[in-house]
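Me: I'm new to reading protein models and would like to go through one by asking questions. Could you take me through it step by step?

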Amino acid sequence: MIGLLRTRRSIRKYTDKSVEQEKIEILKEAVLRSPSSRNIDPWEFIFVDDRELLKKLALCKPHGSRFLEHAALGIVICADSEKSDVWVEDCSIASILVQMVAHSMDLGSCWIQIRKRMYDDKTTSEEYIRSVLEIPVCMKIESIVAIGYPAESREPLKRHELKDEKVRFNSY
Ligand SMILES: Cc1cc2nc3c(=O)[nH]c(=O)nc-3n(C[C@H](O)[C@H](O)[C@H](O)COP(=O)(O)O)c2cc1C
């Protein structure tokens, strides 16, 4: 696992190659194996590979989402907030785990933040995505994870670049 963490970077440029069905099945398994508080599993996942839908989703906020247009896959990670008060944590865990599993299969990925983001002055990113994908109002949207074969290579951080001062022992 540490080997995967050492080489993972956010990838925002993708080749045209689609993701093989076997890999999609593994990504499905990854999200469904994500741990959730009290094992409630409040989350649901919408796998989007339709190019027209990806293009629409890429417009969900003014910055930081356009690259989704060229991804092979977008996984919309949402949850029923009535089922769990820690749905944000549950969705976040699923978001990062699926990124790590994607990386383990040589796929690039990037988290697109949706919760608390705006589509425009009046509409939240969540409301916009809800209308594109017909998601019921009870579902809150945490993120979209964009996935595809990398068309960029990014240097992993070197050990000495990590912020060691962020870690303390026994007291602050
Ligand atoms: C909670 C969260 C939200 C993020 N939202 C976005 C986003 O909306 N758009 C984007 O391009 N990258 C997003 N990222 C990716 C970060 O910008 C990226 O992880 C960070 O710059 C570190 O780079 P690295 O992932 O290559 O190590 C997000 C990452 C996290 C953890």
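Here are my questions, each with a reply.

Me: Before we start, what kind of model is this, and how are its residues numbered?
Reply: It's a predicted model, where local features need pLDDT of at least 70, side-chain atom pairs count only at pLDDT 80 or more, and totals for chains, interfaces and linings use all residues. Side-chain values use heavy atoms, with hydrogens and water left out, and residues are numbered along each chain as its sequence is written, from 1.

Me: Okay, how many disulfides does the structure hold?
Reply: A disulfide is a pair of cysteine sulfur atoms within 2.5 Å. For Cys91, the closest cysteine sulfur is in Cys78, 6.9 Å away, and that's too far for a bond. Cys110 is in no disulfide either, as the nearest cysteine sulfur, that of Cys60, is 12 Å away. So the number of disulfides in the structure is 0.

Me: Is Cys91 buried or exposed?
Reply: Buried means under 20% relative accessible area, exposed means over 50%, and partly exposed is in between (1.4 Å probe, protein chains only). Cys91 has a relative accessible area of 0%, so Cys91 is buried.

Me: Which residues surround the ligand?
Reply: Here a residue counts as near if one of its heavy atoms lies within 4 Å of the molecule. By class, this shell has 4 nonpolar, 3 polar and 5 charged residues (Ala, Val, Leu, Ile, Met, Phe, Trp, Tyr, Cys and Pro count as nonpolar, Asp, Glu, Lys and Arg as charged, and the others, Gly among them, as polar). The residues are Arg8, Arg9, Ser10, Arg12, Lys61, Gly64, Phe67, Cys110, Trp111, Ile112, Gln113 and Arg154.

Me: How much of the ligand's accessible area does the protein cover?
Reply: Oxygen atoms of the ligand lie 2.7 Å from a polar side-chain atom of Arg12 and 3.0 Å from a polar backbone atom of Gln113. On its own, the ligand has 620 Å² of accessible area (Shrake-Rupley method, 1.4 Å probe).

Me: Where is Ser84, and which backbone nitrogen does its side chain lie 3.1 Å from?
Reply: Ser84 is in the loop between strand 2 (73-80) and helix 4 (87-104), and its 2% relative accessibility makes it buried. Beyond neighbours within four places in sequence, Ser84 is in contact (heavy atoms within 4.5 Å) with Ile40, Pro42 and Asp90. The backbone nitrogen 3.1 Å from a polar atom of the Ser84 side chain belongs to Val86.

Technical notes: A polar contact is a pair of N or O atoms within 3.5 Å; within protein, one must be able to donate a hydrogen and the other to accept it, and residues adjacent in sequence count only if both atoms are side-chain atoms. Helices (H or I, at least four residues) and strands (E, at least two) are DSSP runs, numbered from the N terminus.
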